[in-house]
Amino acid sequence: MRDLLTEIAETAREVARRGGGEDELVAVTVRREYPAAVDDVWTAVTDPARLARWFAPVTGDLRAGGTFAVEGNADGEIRACSPPSTLVLTWGAPVSVVTVRLTAAGGATLLELEHTVPVAFAGSGAGALFVGPGWDVALLGLGLHLRGEDVGDPVAWEGGEEVRRAGAASIDAWVATVTASGTATPEEVAGGEVAARAQFTPEPTAG
């Protein structure tokens, strides 16, 4: 099994503000390369039976124009589905849009996940700290699944100490990314970091 901290370090991240006025967006992008064929990665991110093994149980009318629900997480509408390259869906709200793009890279696949929300919704580029670490951990689970190392119960796995350490490293990486992007003030970044650590790496409860 590969070290999860190594995989966090190998992940590419980007935060940008696009457009202007009421239409200005914060775009949070994660890129990972997987040693698997595009068709394999596509089914891993769209087949409910496979999603349940690394992400969460997903139900709904899983086609363009259909709706979906992720157990214990978000629901939304599937806006576009073009196998095996592009999936576009809303995530929890119509203004929160996730786009997954898959591109063949030799015998591997480059996965790009972009999550956009209005600046009015995110506040600033520091909004990346509310979603980026969660996507990082999800993509760690996908990597394990594609290597045949299923996590078992994704919720229990995400609560484990190894993933907690990876989550902490992810938050550090997102703080650096947001800071370098110039899309948020130092105070906004600091507030986002505090919220991210409380959400993604809470102190273990005694018991």
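This is a predicted model: local features need pLDDT of at least 70, side-chain atom pairs count only at pLDDT 80 or more; totals for chains, interfaces and linings use all residues.
Helices here (H or I, at least four residues) and strands (E, at least two) are DSSP runs, numbered from the N terminus. Residues are numbered from 1 along each chain as its sequence is written, and side-chain values use heavy atoms, with hydrogens and water left out.

**Helix α5**

- α5 covers residues 128–146.
- It has 19 residues and reaches 26 Å from its first C-alpha to its last. That is close to the 27 Å expected at 1.5 Å a residue, where the expected span is 1.5 Å times one less than the number of residues.
- α5 is mostly covered, with 16 of its 19 residues buried. Buried means under 20% relative accessible area, exposed over 50%, and partly exposed in between (1.4 Å probe, protein chains only).
- D136 is found in α5. It counts as buried because its relative accessibility is 3%.
- Not counting residues up to four places away in sequence, D136 touches I8, T11, R13, V30, S170 and W174. Contact means heavy atoms within 4.5 Å.
- H145 is also found in α5. Its relative accessibility is 5%, so H145 counts as buried.
- H145 touches A44, R50, R53, W54 and D150, again leaving out residues up to four places away in sequence.

**Nonpolar cores**

- A nonpolar core is a set of buried Ala, Val, Leu, Ile, Met, Phe, Trp, Tyr and Cys residues joined through side-chain atoms within 4.5 Å.
- The largest nonpolar core has 46 residues. W54, F55, W91, L111, W135 and L142 touch the most other members.
- Helix α5 gives the largest share of this core, seven residues.
- In soluble globular proteins, nonpolar side chains tend to be buried together.
- Which residues does W91 contact, leaving aside its neighbours within four places in sequence? They are F55, F68, V70, N73, A74, D75, S96, V98, H115 and W135.

**Pockets**

- On a 1 Å grid over the protein atoms alone, a pocket is an open set of points where a 1.4 Å probe fits, with protein on both sides within 12 Å along at least five of seven lines. Lining residues have an atom within 4 Å of a point.
- Grid points are joined across faces, edges and corners, and a volume is the space filled by probe spheres set on the points.
- The largest pocket has a volume of about 760 Å³.
- It is lined by 27 residues, and N73, G134, V137, E158 and F200 are the closest to its centre.
- Two or more lining residues come from each of α5, α6 (154–158), α7 (161–181) and α8 (186–200). The largest share, six residues, is from α5.
- This lining has 14 nonpolar, eight polar and five charged residues. Ala, Val, Leu, Ile, Met, Phe, Trp, Tyr, Cys and Pro count as nonpolar, Asp, Glu, Lys and Arg as charged, and the others, Gly among them, as polar.
- The second largest pocket has a volume of about 400 Å³.
- Its lining has 23 residues, with V45, T46, L51, L87 and L89 nearest the centre.
- The elements that give two or more residues to this lining include α2 (38–46), α3 (48–54), β6 (86–90) and α5.
- By class, the lining of the second largest pocket divides into 21 nonpolar, one polar and one charged.

- The 21 residues of α7 should span 30 Å at 1.5 Å a residue, and its end C-alpha atoms are 30 Å apart, which agrees.
- Buried residues in α7 include V163, A166, S170, W174 and V178.
- What covers the buried residues of α7 includes α1 (4–10), β1 (12–18), β2 (25–34), α5, α6 and α8.
- G182 follows α7 and has a positive phi, near 70°.
- G192 lies in α8. At 3% relative accessibility, G192 counts as buried.
- G192 touches L129 and F130, not counting residues up to four places away in sequence.
- The C-alpha atoms of G192 and G125 are separated by 9.4 Å, and the two residues are 67 apart along the chain.

**A cis peptide bond**

- P83 and P84 are joined by a cis peptide bond, with omega about -5°.
- P84 lies in the loop between β5 and β6.
- Most residues other than glycine have a negative phi, and most peptide bonds are trans.
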